[in-house]
Amino acid sequence: MAAVEGVGTAADDRPPGPAVPGPAGPGTGPGPGPGRGGPRERLLGVDAARGLALVGVFVAHMGVPLTLLLTGAPDVHAVWEEDYSGPGMLVVEAVGGLVSGRSAALFAFLAGVSLVLLAGRARPGTRVERNRVRVRIAVRALLLVAIGYALATLGSLSVILHFYGVYFLLAIPLLWLRTRHLAALAVAAALVGPQATLAVQHLPAELGWSGAWAGEEEWTAEDEAEWEATWGDPEWVAEKEEYWASLEESGEDPLATEEGFAEDMPLFSLEALEDPLDLLVFGLYPATVFLAYVLAGMVAARTGLRSRRVRWWLVGGGAGLAVLGYGSSWLLLGPLARFLPGEDEYSLWRMPLEAGSHSNTTFEVLGNTGVAMAVLGLCLLLAGTRPMRVVLYPVAAMGAMTLTLYTAHGVVLWAVYGGLLPGWAGWVETYTVEAVLACSLVTATVWRLTLGAGPMERPVTAVSRAVARWTVRDRSAAPREGAAGIPS
């Protein structure tokens with residue numbers, strides 16, 4: 001996944017310094033439009049947006065930084081187990097809600113941008129060039145699928161890498177479509193894909209679907225009432241908490257005694273791995289929905305990201321699209337809900353109207369795409385000023401080696417959850433997100449300045465290029481028998 005690999009940068013194999021404004025050379029970027037800065041400036045903004053997406057993933061998976069300071073809680077578990085309130089808790093909840101779902105969408109959007117940057121100009125001059133680009137992207141995609149499945153066996157997080165590999169494979173035939181055709185496909189994917197996904201996910205189990213959603217009973221208002229009646233009973237909750245406290249005092253694990261929890265969590269497991277239908281339809285990041293983000297990113301890259309006018313258009317148009325997506329959902333499920341049929345808020349007909357995190361509806365796709373456009377445009381604008389390039393560089397360095405950092409944070413979570421940390425590193429369990437963020441910023445900056453491409457990005461790039469050279473030969477360059485210089 002370009003958005004996770006950091007592919008498409010002009011300096012994949014050398015350490016880039018802060019961009020210096022200057023005239024753009026020919027062929028340095030896709031799409032028309034005058035450029036006021038060189039490719040380094042433009043790509044620093046793309047990397048910065050990718051780095052922000054990675055920070056959002058960290059927050060979504062590990063919590064909001066400085067949560068203990070903001071809430072005054074003794075530890076991270078107490079934040080959610082006890083009833084904390086106040087301005088600090090409001091900030092924690094707001095930041096957590098802001099990044100949830102949108103970070104993955106921003107990654108997918110930037111994957112589309114990087115695909116266009118990797119493909120080069122609107123249409124390479126020869127069939128050999130086009131085929132080599134296709135092979136490179138296909139090899140990257142297959143490597144992402146393999147790495148994603150390997151990381152998923154740890155069971156420490158909902159891995160997205162193998163989903164991105166599928167997006168890349170699906171996008172290969174679309175690399176050099178005309179921009180207006182790509183835009184039409186993006187609109188169609190946003191309108192049709194979520195509806196088809198919801199319909200398929202909720203098909204009866206008798207049809208034989210084995211996805212994560214198939215065969216599950218829908219959550220209804222009766223289920224909600226039963227839940228509220230149980231957990232809303234202070235006496236029952238007090239008894240439960242007293243029981244759990246007694247177990248902890250005796251050294252037992254409360255979770256292990258509850259039905260559905262294993263006594264020993266395996267360090268590696270194949271049970272949670274997604275099958276191909278999960279990657280396409282049933283998973284948390286289904287291709288039938290997320291391809292809309294990829295196509296939107298490809299269209300944005302085709303408009304000419306070096307143009308300051310385009311950057312402002314991304315910010316303004318993205319903000320408007322976000323208001324359209326989230327605002328329409330809020331109106332339909334809020335003030336206008338009384339004019340719509342049905343009263344059960346868990347009714348199937350209401351699902352396409354949601355715009356919440358990972359609802360995978362058209363309204364969420366529109367809103368998330370708007371946010372992604374605005375973030376990209378803002379990062380590109382900020383990268384156009386010398387002081388902000390210095391400020392953004394550490395985040396951009398993270399964005400240039402996100403495959404490495406994403407994989408590393410999954411391994412860290414696996415070590416934390418599995419109790420594998422050494423005694424001297426026990427503080428990482430309490431300050432996991434702060435530790436990962438700080439280490440990522442410092443390591444990425446130093447590595448990028450001194451060594452260039454990340455430790456996982458470099459071999460992925462090298463393998464994809466090598467396979468493309470081996471499999472796609474330029475026979476027109478081979479000397480012909482009787483050519484000039486050979487006596488006849």
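A salt bridge is a side-chain nitrogen of Lys or Arg within 4 Å of a carboxyl oxygen of Asp or Glu. The model shown is predicted: local features need pLDDT of at least 70, side-chain atom pairs count only at pLDDT 80 or more, and totals for chains, interfaces and linings use all residues. Residues are numbered from 1 along each chain as its sequence is written, and side-chain values use heavy atoms, with hydrogens and water left out.

**View 1. R50 pairs with D47 in a salt bridge.** The count by this rule is 1 salt bridge. The closest N and O atoms of R50 and D47 are 2.4 Å apart. Both residues belong to helix α2 (residues 39–62) and sit 3 residues apart, about one turn of the helix. Helices here are DSSP runs (H or I, at least four residues), numbered from the N terminus.

**View 2. R50 and D47 are both buried.** Buried means under 20% relative accessible area (1.4 Å probe, protein chains only). R50 has 1% relative accessibility, so it counts as buried. D47 has 7%, so D47 counts as buried too.

**View 3. Helix α8 crosses helix α14.** The axes of α8 (residues 161–171) and α14 (residues 287–302) come within 10 Å and cross at roughly 65°. Axes are lines fitted to C-alpha atoms over the stretch in contact, with angles from 0 to 180 degrees between N-to-C directions. The two helices are therefore roughly perpendicular (65 to 115 degrees).

**View 4. The contact of α8 with α14.** Helix α8 contributes V166, Y167, L170 and A171. Helix α14 contributes A287, F290, L291 and V294. Contact means heavy atoms within 4.5 Å. The contact residues divide into 8 nonpolar, no polar and no charged (Ala, Val, Leu, Ile, Met, Phe, Trp, Tyr, Cys and Pro count as nonpolar, Asp, Glu, Lys and Arg as charged, and the others, Gly among them, as polar).

Conventions
Angles under 35 degrees count as roughly parallel, over 145 as roughly antiparallel, 65 to 115 as roughly perpendicular and the rest as oblique. Buried means under 20% relative accessible area, exposed over 50%, partly exposed in between (1.4 Å probe, protein chains only).
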